[in-house]
Amino acid sequence: MTRKPILLFAFPALMLFLLAAERIATFLLGFYPASPAMWQAWLELRPYSTMFWQQVNFYLGGSIALDTAIILVASAACWMACQAKRSAGFFLANHVALLFAGLMIAAGSHSETASTIASFTAERGFQFSLMIDFSLKNSLVLCLGLAACVYCHVAFLREARQRADARAGRILALQRDL
């Protein structure tokens with residue numbers, strides 16, 4: 001079974017789709033500020049990308065055209081990484097998308113009013129809190145990310161094993177020739 005670039009690209013594409021959907025909802029909210037449906041869509045998408053777009057707008061300005069260009073360039077880079085012959089590209093693209101998803105869920109959940117607060121006790125009695133909203137959609141995104149990570153690891157390890165088998169075959173052929 002060979003790796004399928006579309007499956008490797010699926011999770012980074014989902015994260016880029018969520019970023020683009022939030023920008024579209026923000027754009028449409030400017031045209032329809034009295035629409036409850038637009039507010040609901042924007043509020044649902046906001047936790048995934050608020051911190052990212054705030055930083056982009058702070059450093060690069062608040063242009064929707066620039067935001068679109070960033071999403072298109074990131075999409076092209078992820079697609080090319082997933083199509084590359086070397087494994088490092090798709091490995092990196094999937095893991096960056098998973099880290100981005102976790103960071104956005106954690107950062108977005110911290111600013112939400114309905115958060116699940118879990119207290120943990122570390123060694124020596126030091127307590128700390130973890131505030132992450134483990135809602136159905138956040139759990140689904142994280143599960144999809146972990147599934148993409150598992151597929152990425154399986155594809156990476158399978159290719160490494162195939163390269164090792166090919167190398168062993170060449171070494172055996174060279175030993176017979178000598």
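What share of the contacts in the chain with a separation of 6 or more comes from residues 24 or more positions apart? In this predicted model, such residues account for 70% of those contacts. The chain holds 5 helices and 2 strands. Along the sequence, these elements follow the pattern α-α-α-α-β-β-α. Of the 178 residues in the chain, 29% are buried.

The packing of helix 1 against helix 3 was examined next. Helix 1 spans residues 5-31 and helix 3 spans residues 64-83. Their axes lie 9 Å apart, at an angle of about 175°. Helix 1 is therefore roughly antiparallel to helix 3, since angles over 145 degrees fall in that class. By class, the contact between the two helices has 15 nonpolar, 2 polar and 2 charged residues. Helix 1 contributes residues including Pro-5, Phe-9, Leu-16, Leu-19, Arg-23 and Phe-27. Among those they meet in helix 3 are Ile-64, Asp-67, Ile-71, Cys-78 and Trp-79.

The charged groups come next. The structure holds 2 salt bridges. In one, the side chains of Glu-22 and Arg-23 meet, with an N to O distance of 3.2 Å. Both Glu-22 and Arg-23 are buried. Arg-23 also forms a salt bridge with Asp-67, where the closest N and O atoms are 3.1 Å apart. This pair links distant parts of the chain. Arg-23 sits in helix 1 and Asp-67 in helix 3, 44 residues apart. Both of these residues are buried. Through shared partners, the salt bridges join Glu-22, Arg-23 and Asp-67 into one network.

The largest nonpolar core has 34 residues. Those with the most contacts inside this core are Phe-11, Met-15, Leu-18, Leu-19, Phe-90 and Val-141. Helix 1, helix 2 (36-60), helix 3, helix 4 (87-111) and helix 5 (136-177) each give two or more residues to the core. Helix 1 gives the most, with 10 residues.

Leaving aside neighbours within four places in sequence, Leu-19 is in contact with Ser-49, Phe-52, Trp-53, Ile-71 and Phe-100.

Definitions and conventions. Residues are numbered from 1 along each chain as its sequence is written. This is a predicted model: local features need pLDDT of at least 70, side-chain atom pairs count only at pLDDT 80 or more; totals for chains, interfaces and linings use all residues. Side-chain values use heavy atoms; hydrogens and water are left out. Axes are lines fitted to C-alpha atoms, for helices over the stretch in contact, and angles run from 0 to 180 degrees between N-to-C directions. Helices (H or I, at least four residues) and strands (E, at least two) are DSSP runs, numbered from the N terminus. Angles under 35 degrees count as roughly parallel, over 145 as roughly antiparallel, 65 to 115 as roughly perpendicular and the rest as oblique. Contact means heavy atoms within 4.5 Å. Ala, Val, Leu, Ile, Met, Phe, Trp, Tyr, Cys and Pro count as nonpolar, Asp, Glu, Lys and Arg as charged, and the others, Gly among them, as polar. A nonpolar core is a set of buried Ala, Val, Leu, Ile, Met, Phe, Trp, Tyr and Cys residues joined through side-chain atoms within 4.5 Å. Buried means under 20% relative accessible area, exposed over 50%, partly exposed in between (1.4 Å probe, protein chains only). A salt bridge is a side-chain nitrogen of Lys or Arg within 4 Å of a carboxyl oxygen of Asp or Glu.
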